[in-house]
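My entries follow the structure.

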Amino acid sequence: MDEVLPAADVATGRRVCGRKQAFAGGIGHFGVAR
Amino acid sequence: MNVLQMLAVCVLLGAGEGGQANATVDQMLTGPRWEVAPEISYYRYTEPGTMKIDGLLYGVAVSCTCYRPHGLFRVDGEFAVGNVDYEGSLTDGTPYTMDGDTDLLLNLRLLWGQSWPVEGWDNLFYAGVGYRGLNDYAGQDPAGYDRQSNYVYLPLGLKTYHELAGHWQIGVGGEFDLLLIGVQISGVDNGVVNIQWPGYGARASVELRHRAKSADLAIAPFVQYWWIEESNTSDGWYEPRNNTVQYRLSLIWRF
C-alpha cells in the first residue's frame, strides 16, 4: 500500500509518528523487525 | 539517626504523592513519614488530527517525606499499568483502531518544600525535578509499533491544608511542570529518537484526610495535564504536537 502523507507534510516529505504501519508484519519492540 | 542518614533513607527507599505542610516540631522528631496510595486513573493521549490513545490505568504511589528545620525533602514514586485503545490511521490514511495495548507509566520526583502557616491554613511551596516515563506496547498488533515517552521536568507547586472538625482535614494543591526535555523513542525504521521541547504540565488535586494517631487515611481526586510541542525531525520522522490528560483517584495511607 502506498503511504499517504498528511496534507501538512506533503511539501516536506516528513512522516508523522502516531500513524501505524500500512503493511502486515509491522515492527516489533523498538525497531527490531520481526 | 542524624540528618544525613535520615535524608539518605528517604532518597534510597522512598517515593509518592500528597504531602503534609504542617512541619511541626513533632514531625521533625518522629522522622520520615511514608505514604502508600493505590490508585485508578483514566488516561488519554491525543495527537490532534492524527490519533488518540485512552484507557484505565491501575497503580500505586509511594512517598517518603523528611521534615527538617529548613524545609522538607520528599521522594515521590508512582507506577501504573493498564490496557489502552488506539484510534487513528495507517500510513496510507486508512482509519485504524487497536484495542488492549499495554501501557506502563512511571513517575519519579525529588522535591524540596517550605511550609508556612497562615490563620488556620498550612501552606506549602515545593520545587524539584521529576521524570515521567510512558511505554506504549502497541507492537503486539501487526500494524503497531512500540513507543517510549520520556519527560524530564521542573515541578513548582503550592498546597494548602485546613483542619476541619472531628480529626478531618482538607487539602488543595496546584502545580506547574516545566518540561526540560522530552525524548520520544518510536519503533519505526529500526528505531527513531525525537527530541521534544518546549512543553509544560499542570496538576490540580483535592485531598480529604482523616487524621489518627497511628496513621492517616485520605481520598484524593487528581488531574494531570501535559502539552508538548512538535518534536524535531529525525530520519524523516517527527512526533507531532500532543497533549495528555489523566484523571486519577487515590486512596492514601500515611504513617
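Is Glu35(B) buried or exposed? I looked it up in this predicted model. Glu35(B) counts as buried, at 3% relative accessibility. I then checked its partner. Glu35(B) makes a salt bridge with Arg74(B), with the closest N and O atoms 3.5 Å apart. Glu35(B) sits in strand β1 (residues 33-47) of chain B and Arg74(B) in strand β3 (residues 71-89), so the pair ties together parts 39 residues apart in sequence. Arg74(B) also counts as buried, at 4% relative accessibility.

Next entry: Glu175(B) and Arg203(B). Their side chains meet in a salt bridge at 3.6 Å, N to O. Glu175(B) is in strand β7 (residues 168-186) of chain B and Arg203(B) in strand β9, so this pair ties together parts 28 residues apart in sequence. I read a relative accessible area of 7% for Glu175(B), which is buried. Arg203(B) is buried too, at 8%.

I traced the links further. Both pairs belong to a network of salt bridges that includes Asp76(B), Arg109(B) and Lys159(B). Over all chains, I found 18 salt bridges. One in chain A joins Asp9(A) and Arg14(A) at 3.5 Å, N to O. Both of these residues are buried.

Last, the backbone. Most residues other than glycine have a negative phi, and most peptide bonds are trans. Glu119(B) has a positive phi of about 45°. It lies in the loop between β4 (95-118) and β5 (121-137) of chain B, and is exposed at 78% relative accessible area. Asp235(B) has a positive phi of about 50° and is exposed at 61%. The peptide bond from Trp197(B) to Pro198(B) is cis.

Technical notes. Residues are numbered from 1 along each chain as its sequence is written. Chains are lettered from A and ligands numbered from 1 in the order in which they are written. This is a predicted model: local features need pLDDT of at least 70, side-chain atom pairs count only at pLDDT 80 or more; totals for chains, interfaces and linings use all residues. Side-chain values use heavy atoms; hydrogens and water are left out. Helices (H or I, at least four residues) and strands (E, at least two) are DSSP runs, numbered from the N terminus. Buried means under 20% relative accessible area, exposed over 50%, partly exposed in between (1.4 Å probe, protein chains only). A salt bridge is a side-chain nitrogen of Lys or Arg within 4 Å of a carboxyl oxygen of Asp or Glu.
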